[in-house]
Structure formats: C-alpha cells, structure tokens
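This report describes the aromatic contacts of one structure. The sequence and the coordinates are shown first.

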Amino acid sequence: MNYNIAVLAGDGIGPEITNAAISVLNKIGKKYGHNFSFKQLLAGGIAIDKTGNPLPDETIEECKKSDSVLLGAVGGAKWDTLPGHLRPEKGLLKIRAELGLYANIRPAKLFQSLKGACPLRSDIAEKGIDIVVVRELIGGIYFGERGIKEINGETAAYDTEQYSVSEIKRIAKIAFELAKKRKKQVISIDKANVLESSRLWRKVVHELAKEYPEITVTDMLVDNAAMQLVKNPAQFDIVLTSNLFGDILSDEAAMITGSIGMLASSSLGDTTRGLYEPIHGSAPDIAGQDLANPIATILSCAMMLRDSFSLINEAEHIEKAISEVLDKNYRTADIMSEGKTKVSGSKMTELILSEI
Ligand code: NAD
C-alpha cells in the first residue's frame, strides 16, 4: 500500500525528531511492503520566517490531501513577542481546527524498564501507570469569545468557556469507544460544582453512558483529579476532559511517567486522517545538539499506523523494538539513570532501527 504523509517538522528539535521517525517508517515499510511518501511542509516559527504566516495555505491544502499528518513541534523565544495571531502556536490551533480534529488522545504509560524515572514514590509507581487522556481539542475556552475591555476605568481581559451538546457528545463517544477496548472505565473530569459548562458536560456524558452499559463512568472534579493523579494514578484508565482541563492534566499524567520525551499523541476527527505528534514542545534548549529523545515521535508514528492505517502488526513491531532497546539499558540524556548506557538522539534512532 501507498501512504502519503504530510510532515510539519516545525522548530527547535522538530526536524531532528521527525527525521528519526521518518527513518523508522521507511524501515517498517520495507519490511512489510508499504510505501510511505513524505511531503515536508512549513508550520510554526519557520513558516513565519519564510512566509509571514504560521500556517501557510499550502500547508493546509497539502495536509487535507494527505493520508495523515506527522508534526514535530513549533515555537521558540524568537517568536514569543509577536502578536497572538502571528505566534507559532496559532498555526497549531489552526491546523487542528482546519482538519476537524476534535479529539486529542494521549497515552501516558510507565514503561517497565523506566520505573526508576517515575518521580512518584516507588510503592505508587509499582502499581503501574497506564492512562489514556481523551481531551476535547477544538472547543472550550481556547476557541471561545475573548477580548479586552475597560471596566471601571481599568483594563480587563476575558476568555469564554463554551461547549455545545454535540461537541461534548462526540468527544465522549471517542472516550467510550476507546474504553470498550481497554478496562471499560471512564473518569470524566469537570468542575460542575462551579461552572455551568461543566454541568452540561456532566449531563451529556451521563446521557451517552446509557448507550454503553458495559462502561463504568465516574465523575471527578478537576482539582481532585490533579491530586489523585499523583496519589493513586493506577485508578485511572480513560480520562475524558475538556480542552483546558485536558491541557493541564495530560501534562501532569505525562510527567509522572518519567519523561516528556517518551510520550506520543494523536488528534482525530471523523475521518481516518489524524495528526500525530509528540506531546513535548520544540525544546530550544537542546535543539541541534543531538540530545533530543526521538521515542515520543516514533511512538506517534506507531499510533498513526494503528489508528489511521489499521497496520496493527507494524505498530506493535515499532513499540516492541523500543521496549527492547530500553530493556538493553540504552537511554537518552532525559531518561538516563545510574548504571545505564547514555546515547545521543541519533544513536537511539539507530538502535531502534537495528532492533526492527
Ligand atoms: P518543551 O516540551 O519544549 O521542553 C520542556 C523540557 O523538556 C526542556 O528542558 C526540554 O529540553 C525537554 N524536552 C522536551 N522534549 C524533549 C525530548 N524529545 N528529548 C529530551 N528532552 C526533551 O516545553 P517548553 O520549554 O515549555 O517550550 C518550548 C517551546 O515549545 C515553546 O515555544 C512552546 O510554546 C513550544 N511548545 C510547542 C508544543 C507543540 O508544538 N505541540 C507543545 C508545547 C510547547
């Protein structure tokens, strides 16, 4: 089969990690008889430098024509002082909206061989962490009405959290469908004791839950969820959240698994075309030094193979190769611990390729 993949390498470590992932996809393609074609496109700071626009029209059009999209990361201090609509992150929000990607799926799993890197107490880490955060991605406060106004002679700024029934329903459906393939548990996060939008969220989730009698649904207030994630992460399986709460909780879930350089994500909508990216940013502090851990991006490609192309064996092959390299005690700097062998980002890619 032929698969056309749009690649938005972006800024900082983006080019290094997407190149690593491309080499892994090429190797898997050779092994299983698939042809992956890659089209490099501009997005983020580099797109601002070259075109004055963080997401040029050509990038949007090519992504829409592709079978799936691989994104590195965007952003950096150089563009931080630009007005909001010209920031690299604006390009990211726009591509998600343009492709109708309303669901962000972020697995946060503690690899057996990386238990030592978990910042939680060992008796908590021992119970394991295997969470999937399902975050609404193109609604809520990040897209709601906003502005700056004068109140009583001083400047005030506002952003609006708003969710419609259909927006809540479609993201909840993704969570329930995923839960069917896992432990059949959904914890739905809200702030229903305070927010009107959260009360509607809770109501819609419970309505939909009636169609999934095999799934256990539990409501949890977001402040409690933030505590429970560090106190007893093993209680979580699928975490269903709005855009804002998910942004924060998914980073917390990522952190407790040891390294931000290990975690993949996908953004999905109603078609098989998804956008796959590591959860970390462009890491300008280590860019160009061959220090970046490529595993999150390579795992994002495994998610692409499974969720967009239904290539299950190929996805598992990549995941197994990564586990084997970790079991052989090779570590990039971000996941290094005593007694392990420290390797560069490119060496880590080489090791994964040879394991495949
Ligand atoms: P970051 O994720 O880029 O970096 C946080 C820390 O983690 C840094 O010390 C970095 O060196 C380290 N790190 C990140 N990825 C790593 C990897 N693969 N291997 C080893 N270490 C890694 O977050 P930040 O520093 O807050 O943000 C830097 C820039 O990235 C900002 O401009 C921010 O807006 C942007 N950002 C982009 C995205 C995205 O493109 N999806 C997400 C988050 C942040």
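## A buried pair: Y163 and W201

In this predicted model, Y163 and W201 are both buried. Their ring centres lie 5.5 Å apart and their planes meet at 65°, so the pair is edge-to-face; the cut-off for that class is an angle over 60 degrees.

Y163 belongs to the loop between β7 (154-159) and α6 (165-180), whereas W201 is part of helix α7 (residues 196-209), so the contact ties together parts that are 38 residues apart in sequence.

## Aromatic pairs in the whole structure

Four aromatic pairs are found when the whole structure is searched. One of the pairs is formed by Y3 and F36, with ring centres 5.5 Å apart and planes at 25°, so these rings are stacked.

Y3 is buried, at a relative accessible area of 7%. F36 is buried as well, with a value of 5%.

## A charge over a ring

A lysine is also placed against an aromatic face. K149 lies over the face of Y158, at 4.7 Å from the ring centre.

Methods:
Residues are numbered from 1 along each chain as its sequence is written. This is a predicted model: local features need pLDDT of at least 70, side-chain atom pairs count only at pLDDT 80 or more; totals for chains, interfaces and linings use all residues. Side-chain values use heavy atoms; hydrogens and water are left out. Rings of Phe, Tyr and Trp (its six-membered ring) pair if their centres lie within 6.5 Å; planes under 30 degrees apart count as stacked, over 60 as edge-to-face and the rest as tilted. Buried means under 20% relative accessible area, exposed over 50%, partly exposed in between (1.4 Å probe, protein chains only). Helices (H or I, at least four residues) and strands (E, at least two) are DSSP runs, numbered from the N terminus. A charge sits over a ring if NZ of Lys or CZ of Arg is within 6 Å of the ring centre and within 35 degrees of the ring normal.
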